[in-house]
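Please examine the sequence and the structure shown below before reading on.

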Amino acid sequence: RIDNRVLWQEYSEGKQTYSQLALKYGVSIKTIQRRLDKVVVAQQFYKPKESIVLMDTTYFGRDFGVMVFKDTEGHHLYWKFVKYETTSEYVAGVEHLESQGIKIKGIVCDGRKGLFNALQGYPVQMCQYHQVAIVTRYITRKPKVQASKELKEIVHLLPHTDKESFWGALDGWHSRWKEYINTRAINPETGKSRYVHKRLRSAYKSLERNKQYLFTWYDNIELGLPNTNNQLEGTFTALKNKLRNHNGLSRKRKEKFINGFLKALTLGIVNK
């Protein structure tokens, strides 16, 4: 006799596919699917008295993502399925945590436009790896010009150094290459001037723009803020590895699987 709860554990916490479970229990794949569909998986969140909140979103399709709020101890405070990653959705998530009586000591997030202003009531640390990724998108992984090569070396120090050392190195770079990145030329077709090295200039400007939030962890050392969202990235990687064993799930079944996975992680029972 098949116990649906045990079946769900084998399916979601282990790596058993529909086919493997059907073979194990001597039934059809449709029977396995039908029994798994009967299992109710409710969301279950951790509710500490206070928390540093890590938040980010990962996608499983063009308009299907899960936004996750996690603490630095590995507990999932809240998650919700979203069509798009927006500032308003993040703010709604933070407001939900507060409505549960959780005191938010600080927040670690990416550099989404408008998000810092929306969260200005909290100490906010921009994930330094997100900043590295922003610069890399502008100058590429293998830049060819010397100025870009030097900026790449400096920005890759960001997650591994202190505030004074990083800004000292970047200021030195800017002194050497200021005229270069500000060089303008006239477009003969439009008669308008433009920056010749626009992408490199944009890479530098992104660092200037986010300067206030890149070393919040350093300026508020007593809070214990992490400087990256690495814990969440680890969760997303583990989740996607699990889902890779179950290709072809409908959106409804995928949401149920994600709920089960994140719930199990929160309870500390999932097998990565």
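Strand β2 (residues 64-70) is largely enclosed by the rest of the structure, because 7 of its 7 residues are buried. Here buried means under 20% relative accessible area, exposed means over 50%, and partly exposed lies in between, as found with a 1.4 Å probe on protein chains only. Strands (E, at least two residues) and helices (H or I, at least four) are DSSP runs, numbered from the N terminus.

In a regular strand the side chains alternate between the two faces of the sheet. Both faces of β2 are covered: Phe64, Val66, Val68 and Lys70 are buried on one side, and Gly65, Met67 and Phe69 are buried on the other.

## Basis of the model

The model is predicted: local features need pLDDT of at least 70, side-chain atom pairs count only at pLDDT 80 or more, and totals for chains, interfaces and linings use all residues. Residues are numbered from 1 along each chain as its sequence is written, and side-chain values use heavy atoms, with hydrogens and water left out.

## Partners of the strands

Two strands pair if DSSP finds at least two bridges between them. Strand β1 (residues 50-61) pairs with β2 in the antiparallel sense over 7 bridges, and the two form a hairpin with 2 residues between them. Thr57 has Met67 in β2 as its bridge partner. On β2 there is also an antiparallel pairing with strand β3 (residues 76-82), through 6 bridges, in which Val66 stands opposite Phe81. The hairpin of β2 and β3 has 5 residues between the strands, and Gly74 in its turn has a positive phi of about 100 degrees.

Strand β4 (residues 103-109) has 5 of its 7 residues buried, so β4 is largely enclosed by the rest of the structure. It runs parallel to β1, joined by 5 bridges; Leu54 is partnered with Val108 of β4. A further 3 bridges join β4 to strand β5 (residues 124-126), also in parallel, and Cys109 stands opposite Met126 in β5.

## The sheet and its helices

Which order do the strands of the open sheet follow? The 5 strands are arranged β3-β2-β1-β4-β5, with mixed pairing. Because β3 and β5 stand at the edges with a single partner strand each, one side of each is left without a neighbour in the sheet. Neighbouring strands are turned by 20 degrees against each other on average, direction ignored.

Helix α12 (residues 230-243) packs on the sheet, touching β1, β2 and β3, and its direction makes about 35 degrees with that of β1. Contact means heavy atoms within 4.5 Å. Angles run from 0 to 180 degrees between N-to-C directions, and axes are lines fitted to C-alpha atoms, for helices over the stretch in contact. Helix α13 lies across β1, β2 and β3, running at about 170 degrees to β3.

## Salt bridges

The structure holds 9 salt bridges, each being a side-chain nitrogen of Lys or Arg within 4 Å of a carboxyl oxygen of Asp or Glu. One of them joins the side chains of Glu10 and Lys24 (2.3 Å, N to O). Glu10 lies in helix α1 and Lys24 in helix α2, so the pair ties together parts that are 14 residues apart in sequence. Glu10 counts as buried, at 18% relative accessibility.

Glu255 and Arg251 form another salt bridge (3.2 Å, N to O). Being 4 residues apart in helix α13, they are separated by about one helical turn.
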